[in-house]
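Dear colleague,

I am handing over the structure below, together with notes on what was found in it. Please read the notes with the model open beside them.

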Amino acid sequence: MKISFQKGIRKDNALLLCGWSNEEGREFQEQWMGPRLSYPLNYDKIKELEHIFSIFDKEEFIGVIQEVRIEEDRIHIGRFVIDPEKTGRGLGTAAMKGFLDFIFEDDRIQSISLTVFDFNQNAKRLYEKLGFEIEEVIENPKRKYIMRKYRDKG
């Protein structure tokens, strides 16, 4: 496993991503994209996303992650998805850990936050394992958590 990131997404990879997401259905898309982008996913919706990074395992495109909001010394990340056929192999953990390290290379960034739905317990456990803590619980329309990880003081 050799995880790397590339800013942006090529059209062929965006179409792969649309295929994965649309095959899994509306709920899956909302789980990783949030409710703002309508189902089904298509290339035009993907190409509008700013600060998106393609995730590769060696040369193979395996997913995306986005810096959703950048505020002074904080970054909110989201829209994180790994090819559903490749989950359960540690790629998500390696990709998220690698992306956190990549963000924290910028000394100005003090914390990274993300939002996870309560029904997505696998993702929530992954984030907790990587040091994220629940900062806020939002009950409506579906329970979700805003989680934050602070820069290690080491």
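In what follows, a contact means heavy atoms within 4.5 Å. This is a predicted model, in which local features need pLDDT of at least 70 and side-chain atom pairs count only at pLDDT 80 or more, whereas totals for chains, interfaces and linings use all residues. Residues are numbered from 1 along each chain as its sequence is written, and side-chain values use heavy atoms, with hydrogens and water left out.

To begin with the chain as a whole, it holds five helices and seven strands, which follow one another from the N terminus as β-α-α-α-β-β-β-α-β-α-β-β; helices (H or I, at least four residues) and strands (E, at least two) are DSSP runs, numbered from the N terminus. The radius of gyration, taken over C-alpha atoms and compared with a globule rule of 2.2 Å times the number of residues to the power 0.38, is 15 Å, which agrees with the value near 15 Å for a compact globule of 154 residues. The C-alpha trace spans about 40 × 40 × 30 Å along its principal axes. Of the contacts between residues at least 6 apart in sequence, 55% join residues at least 24 apart. Of the 154 residues, 44% count as buried, where buried means under 20% relative accessible area, exposed over 50%, and partly exposed in between (1.4 Å probe, protein chains only).

Serine 111, in strand β5 (residues 111-117), is buried because its relative accessible area is 3%. Leaving aside residues up to four places away in sequence, serine 111 touches Asp73, Arg74, Ile75, Phe104, Arg148, Lys149 and Tyr150, and its side chain makes a polar contact of 2.8 Å with the side chain of arginine 148. A polar contact here is a pair of N or O atoms within 3.5 Å; within protein, one must be able to donate a hydrogen and the other to accept it, and residues adjacent in sequence count only if both atoms are side-chain atoms.

Histidine 76 lies in strand β4 (residues 74-82) and, with a relative accessibility of 9%, counts as buried. Its side chain is joined to that of threonine 115 by a polar contact of 3.3 Å, and threonine 115 is one of the residues that histidine 76 touches, together with Gln66, Glu67, Val68, Arg69, Ser113 and Leu114, when residues up to four places away in sequence are not counted.

Aspartate 44, by contrast, belongs to helix α3 (residues 43-47) and counts as partly exposed because its relative accessibility is 48%. The side chain of aspartate 44 makes a polar contact of 3.3 Å with that of lysine 47.

Finally, some backbone details may be worth checking. Most residues other than glycine have a negative phi, and most peptide bonds are trans. A cis peptide bond, with omega about 0 degrees, joins tyrosine 39 and proline 40, the latter in the loop between α2 (26-33) and α3. Asparagine 140 and proline 141 are also joined by a cis peptide bond, with omega about 0 degrees, and proline 141 sits in the loop between β6 (133-138) and β7 (144-150). Lysine 58, in the loop between β2 (52-57) and β3 (60-71), has a positive phi near 55 degrees. Glutamate 72, in the loop between β3 and β4, has a positive phi of about 40 degrees and, at 79% relative accessibility, counts as exposed.
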